[in-house]
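Subject: Structure for you to look at

Hello,

Here is the structure I promised to pass on. Please open it first, then read my notes beside it.

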Amino acid sequence: MRNEDIDLVIMDCALSPVQQRNLEKAFFAKVIDRTGLILEIFGRRARTREGTLQVELAHLAYQKSRLVRSWTHLERQRGGFGFLGGPGETQIETDRRLIEVRMKRIELELASVKRTRGLHRKSRRTVPYPIVALVGYTNAGKSTLFNDLTQSKVLAEDMLFATLDPTLRRVSLPHGGEIILSDTVGFISDLPTMLVSAFRATLEEVLEADVILHVRDIAHEDAEAQLADVETVLSQLGVDPSGDRRLLEVWNKADLLDPDALTAAQNSAQRRSAAARPVIIVSALTGQGMAGLREAIEHRLAQGRVTFDVSLEPENGSGLGWLYENTEVLQRTTAADGSTLLTIRVAPERAERVRRKFFADGREGQASLDRAS
Ligand SMILES: Nc1nc2c(ncn2[C@@H]2O[C@H](COP(=O)(O)OP(=O)(O)OP(=O)(O)O)[C@@H](O)[C@H]2O)c(=O)[nH]1
Ligand SMILES: [Mg+2]
C-alpha cells in the first residue's frame, strides 16, 4: 500500500475507532468509514443555515457514538477495576460532555431556524396550495424532475447528494390548480440513523405533504434494492410505504430502458395502478410522460376534496374575499338577481369551516364529495 501512494482508504462499512486506527497503521493512509464519507459529502453540500446545522449535529452524534464505543473498550481492558477510574475515562467523559453541550446548542438553534420556516409554512398554508414532496434514492432524478415541473434550474448533477437543503417552488397544474413542490435530500442504503434524525427537520416537510412523489431510477441495476431502502427510511419517518394514500411512485429515466424493458415496465405499472398503487413512467430528461405526471398529481389532490356550490348576496364582499383566499374557486357566475354563484373546492379538513361559514342554516345538500379515484 505504501508504494501505491494512496492517501485515503474508504471502507464501505462501519468501523470502530480501534479498527480505524489499526487499518490506518496497516495501510499507512487515512481511513474513513461509510458514515464518515456520507458526513463528508453532506458537509460539502450544505448551503443553508439549516443544512449546515443539521450536518454539524450529525457529525457530533457520530463523534459521540465513537467515544462511547472506545470507552466500553477501555472498560473491558481494565477488567474489574472500573471503579478506580482512569485518565482515559475522564478525558472521554469530558469530551462527551462537551459534545453534548454543543449538540444541545445546535438543537436549540435548529429549532429556532425551523420555527421561522414553520411560520413561513403557516403563512403559505393560508394560501390553500397543497404541498407535493419529492423523495427517493440519491441520484434518482428528483431535482431534474423538479426543474422540469417548475421550469427552474436547481442543481441537478450526476453526483450523490447534490441536493441537501429543501427547495420549494410554486407550480401550476393543467387545470389551473397550484401546488408547492418540495425537493429534498436523497436517501441512500444504510443511511445511518443519526443522519435520518439529524435531517428530521428537513424531512418533516415530507410528512406534512399532501402528495408524496417517490422518484425511482427505474433503469438502475439496483432499482429494487433502492426501493426497499427508501421504504425503510420512509417507515422510520412515519410514512407507511404500503398504506399511505399520498404516495405516488414515479418511475424515472424511462429513456434509458430498451423497448422490451419499457413494455414490461408499462405492463407492471398498469397492474399497480389497477390495484390503486399508481405508478407513472416518465423521463425527466426528455419530458416523456411528464404531462401524465401532472395529471396524476392533480387527480390525487382532487381525491377526498369537497366541492360546494355557494350563493353569495351581492353585498357580501368579505365572504367572496374569504373564499378566494381559502378555497379553490372552480367557477363563478352572476345570477339574474345580482348574487354571485360560486363552485369551490376544499381539502377535507377545511370543509367544516366552509359549512359553518356559508351553510349555517344546514343546507348540506349543496356539498358533494369528489370520488375520483
Ligand atoms: N437518462 C436520464 N437521466 C436522468 C433523468 N433524470 C435525471 N437524470 C440524470 O440523473 C442524474 C441525477 O439527477 P438529479 O436530478 O440530480 O438526481 P437527485 O435525485 O436530485 O439526486 P440527489 O439530489 O443527489 O439526491 C443527473 O445526471 C441527471 O441528468 C432521466 O429521465 N433520464
Ligand atoms: Mg437533487
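**What I found**

Of the protein's 373 residues, 28% count as buried (20 or more other C-beta atoms within 10 Å of the residue's own; exposed means 12 or fewer, partly exposed lies in between, and C-beta atoms are placed from the backbone). This is a predicted model: local features need pLDDT of at least 70, side-chain atom pairs count only at pLDDT 80 or more, and totals for chains, interfaces and linings use all residues. Residues are numbered from 1 along each chain as its sequence is written, while chains are lettered from A and ligands numbered from 1 in the order in which they are written.

The protein has 12 helices and 12 strands. These are DSSP runs, numbered from the N terminus: helices are H or I with at least four residues, strands are E with at least two. Now look at contacts (C-beta atoms, placed from the backbone, within 7 Å). Among those between residues at least 6 apart in sequence, 65% join residues at least 24 apart.

**Helix H8**

Start with H8, residues 223–237. How far should its 15 residues span at 1.5 Å a residue? The expected span (1.5 Å times one less than the number of residues) is 21 Å, and the end C-alpha atoms are 21 Å apart, which agrees. Its buried residues are Gln226, Val230, Val233 and Leu234. The face turned away from the buried side carries exposed Glu224, Ala225 and Ala228. Glycine 238 follows H8, with a positive phi near 100°.

**Strands around E11**

Next, find E11, residues 340–346. Strands pair if DSSP finds at least two bridges between them. E9 (residues 306–312) pairs with E11 in the antiparallel sense over 7 bridges. Valine 306 stands opposite valine 346 there. E10 (residues 328–334) also pairs with E11 in the antiparallel sense, over 6 bridges. Glutamate 328 has arginine 345 in E11 as its bridge partner. E10 and E11 form a hairpin with 5 residues between them. In the turn, glycine 338 has a positive phi of about 90°.

**A site from the record**

UniProt, in an unreviewed entry, places a "binding site" feature at Ser143 and Thr163. Positions follow the numbering used here, feature names are shortened, and annotations may be inferred rather than shown by experiment. Serine 143 sits in helix H5, residues 142–150. Is serine 143 buried or exposed? Serine 143 counts as buried because it has 24 C-beta neighbours inside 10 Å.

Best wishes

Notes
Contact = placed C-beta atoms within 7 Å.
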